[in-house]
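Take a look at the fold below.

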Amino acid sequence: MKRIYIAGKLNGEACDYIKNVHQMIVNAEKVRKAGFSIFVPGIDFLCGVTIGSWEYKDYFNNSQPWLAVADAMFVQGENWRTSDGTAREVVL
């Protein structure tokens, strides 16, 4: 099964973050239903809420090994172009 990394802007205003995570999950479900295995880095926020001490580098460093083994990357939304983290992921 091909692995697809779902990328998009996550940092920024709290409401925008939640909306972006929502859209990433909606898009990821479409990709999953098309027969792919998916990884959504936006779900890491649950670790951050539960643990309470994660910093940006913890989120980014946790998702990058998944990106490294992905067969493809789905970049969602136009606002990703304003995200330094997503831009770095595209380069990787």
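V90 sits in helix 4. Helices here are DSSP runs of H or I with at least four residues, strands are runs of E with at least two, and both are numbered from the N terminus. The model is predicted: local features need pLDDT of at least 70, side-chain atom pairs count only at pLDDT 80 or more, and totals for chains, interfaces and linings use all residues. Residues are numbered from 1 along each chain as its sequence is written, and side-chain values use heavy atoms, with hydrogens and water left out.

The cut-offs are under 20% for buried and over 50% for exposed, with partly exposed in between (1.4 Å probe, protein chains only). Leaving aside residues up to four places away in sequence, V90 touches M73, V75 and W80. Touching, or contact, means heavy atoms within 4.5 Å. F74 is 16 residues from V90 along the chain, and their C-alpha atoms are separated by 9.8 Å.

Now step back to the loop between strand 3 and helix 4, where S83 is found. S83 counts as buried because its relative accessibility is 3%. Its side chain makes a polar contact of 3.1 Å with the side chain of T86. A polar contact is a pair of N or O atoms within 3.5 Å; within protein, one must be able to donate a hydrogen and the other to accept it, and residues adjacent in sequence count only if both atoms are side-chain atoms. S83 also touches K9 and N11, again not counting residues up to four places away in sequence.

Helix 3 comes next. Which of its residues are buried? They are F60, S63, Q64 and L67. An α-helix has 3.6 residues a turn, so residues three or four places apart point the same way. The buried residues of helix 3 pack against strand 1 (3-7), strand 2 (37-39), strand 3 (72-75) and helix 4 (84-91).

Look at S63, within helix 3 (residues 56-69). S63 counts as buried because its relative accessibility is 2%. A polar atom of the S63 side chain lies 3.1 Å from the backbone oxygen of F60. Beyond four places in sequence, S63 touches Y5, F39, P41, D44 and E89.

A68 lies in helix 3 too. A68 is exposed, because its relative accessible area is 65%. A68 and Y5 are 63 residues apart in sequence, yet 9.2 Å apart in space, C-alpha to C-alpha.

Now the whole chain. How many helices and strands does the chain have? There are four helices and three strands. Along the sequence they run β-α-β-α-α-β-α. The radius of gyration is 12 Å, close to the 12 Å that the globule rule gives for 92 residues, so the chain is as compact as a globular protein of that length. That radius is taken over C-alpha atoms, and the rule is 2.2 Å times the number of residues to the power 0.38. Along the principal axes, the C-alpha atoms fill a box of roughly 35 × 25 × 25 Å.

Of the 92 residues, 32% are buried. Among contacts with a separation of 6 or more, 66% join residues 24 or more positions apart.
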